[in-house]
Structure formats: structure tokens, C-alpha cells
Amino acid sequence: MLLQKFLSIIIFYNFIASEDEVDNFQFGFKKGHSTPDCTFMFKNTVDYYRRNGSHVFSCFIDFSKAFDSVNYWLQFYKLLDSCTSVAGSLSVRLLAFWYSNQLMSVVWQGMTSSCFTISNGVRQGGILSPFLFRVYIRDLIR
């Protein structure tokens, strides 16, 4: 069952994956990039400008609660907007259906809560979550 779910997500990713020029300007939520890469690049950039007599101004964004605050419908609208194929569009619509119809419960000390819906956020630890969040913040980076 888990393998089947994993394979279906990989297939979805192939249909909805998109690249944007803005993706070149961010390190987080991107395969093959990490915080040390970003820190190294930032420090070298600051050092370069300081050595050449310029002032350096920077802005940092705290994304600690970012995955929890993603608006589903805005997320899927942005994905649909970036899709270039019919299969991609159908994949996004199916993901939107899954996300909007999911039910959650909490298990704590052997007790399970009643089921409830979640109306925002992307799944932390989900295979598609970094990609979905990257698409979500493209406009902010732009």
C-alpha cells in the first residue's frame, strides 16, 4: 500500500512539476539545495560587496509556520496556472480533491479523537510538500 502511494505521488510530480526562472533565486524547498549552501552563498555575497565598499541590506523571512499556513485553494490555483499539459491540470485537480476531502484525527495515549477536516497547510514530511510550497512562494520571491 505504501509503495503504491509513493509511486502515485511520483507520477503526479512528473505531471505537475514545473520550473520557473524565480526558482533559481531560492535555496529552500528545492532538491539538491540546503541551508549550508544558502549560508555560504550569502556570506560570500556580503563579503564581496563589503570588500568593494558597498553597504549590504538584507531581509529574512521566518518560514517556521509556513507549511501550516498555505491556503489550499490559492496553492492549487497557482499550480493550475503553471501547468502546461492536460494531464498536469487533471493531476492538480485530483490533488485538490484529495486535500479538500481529507479527514484527520489525533491519537494520544491510546485514545483517538473524532475526525476533523483541515482547511490549510501542506503535509509536513510529505513527498510533494516542498514542491508545493516552492510554487506557493514564487510570487513572493518574484
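User: Why are α4 and α5 called roughly antiparallel to each other?

Analyst: Bear in mind that this is a predicted model. The axes of α4 (residues 72-82) and α5 (residues 86-100) cross at roughly 170 degrees. Angles over 145 count as roughly antiparallel, so α4 and α5 get that label.

User: How do you know that α4 and α5 meet, and which residues are involved?

Analyst: Their axes come within 9 Å, and contact here takes heavy atoms within 4.5 Å. On the α4 side you have Tyr72, Trp73, Phe76, Leu79 and Leu80, and they meet Ser89, Val92, Arg93, Leu95, Ala96, Tyr99 and Ser100 of α5. Sorted by class, that contact has 9 nonpolar, 2 polar and 1 charged residues.

User: What makes a set of residues a nonpolar core, and which members of the largest one touch the most others?

Analyst: The members must be buried nonpolar residues joined through side-chain atoms within 4.5 Å, where buried means under 20% relative accessible area. The largest such core has 18 residues, and Phe76, Leu79, Tyr99, Leu132 and Phe133 touch the most other members. Two or more residues come from each of α4, α5 and α6 (129-141), with α6 giving the most, 6 residues.

User: Why is Gln109 called exposed?

Analyst: Its relative accessible area is 66%, and the cut-off for exposed is over 50%, so Gln109 qualifies. You'll find Gln109 in the loop between β2 (107-108) and β3 (111-112).

User: What is phi of Gln109?

Analyst: It's near 50 degrees, a positive value in a residue other than glycine.

Conventions. Residues are numbered from 1 along each chain as its sequence is written. This is a predicted model: local features need pLDDT of at least 70, side-chain atom pairs count only at pLDDT 80 or more; totals for chains, interfaces and linings use all residues. Side-chain values use heavy atoms; hydrogens and water are left out. Axes are lines fitted to C-alpha atoms, for helices over the stretch in contact, and angles run from 0 to 180 degrees between N-to-C directions. Helices (H or I, at least four residues) and strands (E, at least two) are DSSP runs, numbered from the N terminus. Angles under 35 degrees count as roughly parallel, over 145 as roughly antiparallel, 65 to 115 as roughly perpendicular and the rest as oblique. Ala, Val, Leu, Ile, Met, Phe, Trp, Tyr, Cys and Pro count as nonpolar, Asp, Glu, Lys and Arg as charged, and the others, Gly among them, as polar. Buried means under 20% relative accessible area, exposed over 50%, partly exposed in between (1.4 Å probe, protein chains only).
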